[in-house]
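Visitor: I'd like to walk through this one and hear what stands behind each label. Could you show it to me?

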Amino acid sequence: MITLVALPLALLSMQQGTGIAQRLTGRVPPQIASLVEELGTAASARGLPIDPLIEKAIEGSAKGVAPERVASALRLVAMQLDTAAVALRDGGLVSDTLAIAAGEFAITAGLSGSDITALARTGANPAALTVGLRVAGTLAALGVPPAEDIGLVSVALRSGEPVSALLSLPANVQSAIAKGATPAQAAAGLARAAAAQAAHGPPPGRGGGHPPHPPHP
Amino acid sequence: MSGHELHPLVKQLLDGDITLADLPAELRAEGEWALRLLAGVDRTDVSMPAVTWRVMAQLERRRRRFLPWLLAPALAIAAALVIWLVPRTPAPASLVTVRFVLVAPDAKQVSLAGTFNQWDPQATPLVRAGATGVWTATLMLPAGQHQYAFVVDGARWVPDPGAPAIDDGFGRRNSVLTL
């Protein structure tokens, strides 16, 4: 029985090692490839995604960055993946590699582990939470402070709106900024509007409202 | 003596509880007969190879029937591990048309590099629109999030001034596009 359980683990480890090497062949210096394989294997064993490591290595080499600096960036990505995974676990989401990668992006954009935990605690399903984390990171990149950022994305996640509504938030914030609002004001205004809409139901024509009352007898 | 019911004292004699001398005189003849009969019994081991084989074969079949039940939990755990550990592949994303624009009047060539083309600075050149210095490229990108930068004259990595940007970890900025 132990053999049967250990076999897939060993095969997967070999497969991932080969996969990393294949994706990096000819794209990065050998020492970077070795480091990615080392960090990737360790990350994979902890249930973390390896794609962010591979992509960062390719990006660094394509930009002509010195290998030592690429190595530092890779170690930072590995650390941020760990932070994101812990934050998501604290929020009740375990072992979702796509959400962890999205959390790592949010951290790179300036959010903290507790911000990620707050979004995970909205109870959104993993797919919606993954999009929410990426949107929150994009809003942070637009200059929205964490409190307003998490407030807006949390309201959107709790309202159960479709993913397209979440994805439109950065454009809506940019539009408000273009009209003269600060990023914080823009996000807070959108959050208030979304909360009011959630309290009173969607506007006419969007469906999902209460069914009409039956006619009186 | 066929069909004869032995006297209880004779039965005790056969059981070894009493001796022939303990029997009353009228039962001694019956007791002697019973002892002779018992002495004539063949006490060698009975060998029934066919029966033994059938019983053992039956046990083996039962063991074989039981084996899958023993293996099933192990196979289930192994399968669950494979499913859990194999990285999930996202569903095919829909494509979105995106137009990239950079104003760079002095540039001789501009290209686009990002997560969508493995950061290859030669993969996606922009086209100059007349003499205005406006460079454009229109791409079909999968829905999701992309990071990118413009590459001016093959060497200078420039973030998109119209898009949010994040630290790239190398001291520069990457533009972010969420579709």
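Guide: Let's start with contact: two residues are in contact if their C-beta atoms, placed from the backbone, lie within 7 Å. Helices (H or I, at least four residues) and strands (E, at least two) are DSSP runs, numbered from the N terminus. This is a predicted model, where local features need pLDDT of at least 70, side-chain atom pairs count only at pLDDT 80 or more, and totals for chains, interfaces and linings use all residues. Residues are numbered from 1 along each chain as its sequence is written, with chains lettered from A and ligands numbered from 1 in the order in which they are written.

Visitor: Which residues of α2(A) and α3(A) meet?
Guide: Ile32(A), Val36(A), Leu39(A), Gly40(A) and Ala43(A) of α2(A) meet Leu53(A), Ile54(A), Ala57(A) and Ser61(A) of α3(A).

Visitor: Which residues of α10(A) are buried?
Guide: Leu169(A), Pro170(A) and Val173(A) are; buried takes 20 or more other C-beta atoms within 10 Å of a residue's own, exposed 12 or fewer.

Visitor: How many bridges join β1(B) to β5(B)?
Guide: There are 9, and the strands run antiparallel; pairing takes at least two bridges. One bridge partner of note: Phe100(B) has Ala137(B) in β5(B).
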